[in-house]
Amino acid sequence: MTPDELKARTKQFALRVMRVCEMLPKSRSGNVIANQLIRSATSVGANYRSACRARSDADFISKIGITLEEADESVYWMELIVESGMKTEKQMSALIAEGKELVAIFVASSNTAHKRLGR
């Protein structure tokens, strides 16, 4: 997958998450989770774009680490949505799977960059 394809994929992830969040209950917990999930999911793409502009392997590792954290956090909030009963597992399974795939991609990218640095 090229960097441009991954940029598009992370943007689509954010857009899909935003649509899900619009459908969450308008309750205190629904609003908190929606806000947190939107922040983390939109941050995935923004931080990946930043990582693509890294000036060194060390800078890339730092930025891809943030991207990884945000992707993993997004999965956490989506799991809470299911476990709290706000949405069913069936409704969220494809989006959770996409979040987990993004986590795996960013773990692999981080590992590759660490190997380049000899760590």
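Five salt bridges are found in a search of the whole structure. A salt bridge is a side-chain nitrogen of Lys or Arg within 4 Å of a carboxyl oxygen of Asp or Glu. Side chains of opposite charge can pair when their charged atoms come close. The model is predicted: local features need pLDDT of at least 70, side-chain atom pairs count only at pLDDT 80 or more, and totals for chains, interfaces and linings use all residues. Residues are numbered from 1 along each chain as its sequence is written, and side-chain values use heavy atoms, with hydrogens and water left out.

One of the bridges joins E101 to R9, with an N to O distance of 2.5 Å. E101 belongs to helix α4 (residues 89-117) and R9 to helix α1 (residues 3-22), so the pair ties together parts that are 92 residues apart in sequence. Helices (H or I, at least four residues) and strands (E, at least two) are DSSP runs, numbered from the N terminus. R9 is buried, at a relative accessible area of 19%. E101 is partly exposed, at 41%. Here buried means under 20% relative accessible area, exposed means over 50%, and partly exposed lies in between (1.4 Å probe, protein chains only). R9 and E101 also belong to a network of salt bridges that includes E98.

A second pairing links R116 and D57, at 3.3 Å from N to O. R116 lies in helix α4 and D57 in helix α3 (residues 57-83), so this bridge ties together parts that are 59 residues apart in sequence. D57 is partly exposed, with 27% relative accessibility. K63 and D59 form another salt bridge, at 3.5 Å from N to O. These two residues are four residues apart in helix α3, and about one helical turn separates K63 from D59.

Charge was also examined over the whole chain. The protein chain carries 18 positive and 14 negative side chains, and the centres of the two sets lie 5 Å apart. Lys and Arg count as positive and Asp and Glu as negative; His and the chain ends are not counted. Each charge is placed at NZ of Lys, CZ of Arg, CG of Asp or CD of Glu.

The protein chain has four helices and zero strands. Its pattern along the sequence is α-α-α-α. The C-alpha trace spans about 45 × 25 × 20 Å along its principal axes.

Of the 119 residues, 38% count as buried. The accessible surface comes to about 6,900 Å², and carbon and sulfur atoms account for 52% of this surface. Areas come from the Shrake-Rupley method with a 1.4 Å probe; for residues, only the protein chains shown count as cover. Among contacts (heavy atoms within 4.5 Å) with a separation of 6 or more, 72% involve residues 24 or more positions apart.

L95 lies in helix α4 and is buried, at 5% relative accessible area. Beyond its neighbours within four places in sequence, L95 contacts F13, R16, V17, V20 and M78. L95 and R16 are 79 residues apart in sequence, yet their C-alpha atoms are 7.6 Å apart. N47 lies in helix α2 (residues 28-52) and counts as buried, at 19%. With neighbours within four places again left aside, N47 contacts K63, I66, T67 and E70.
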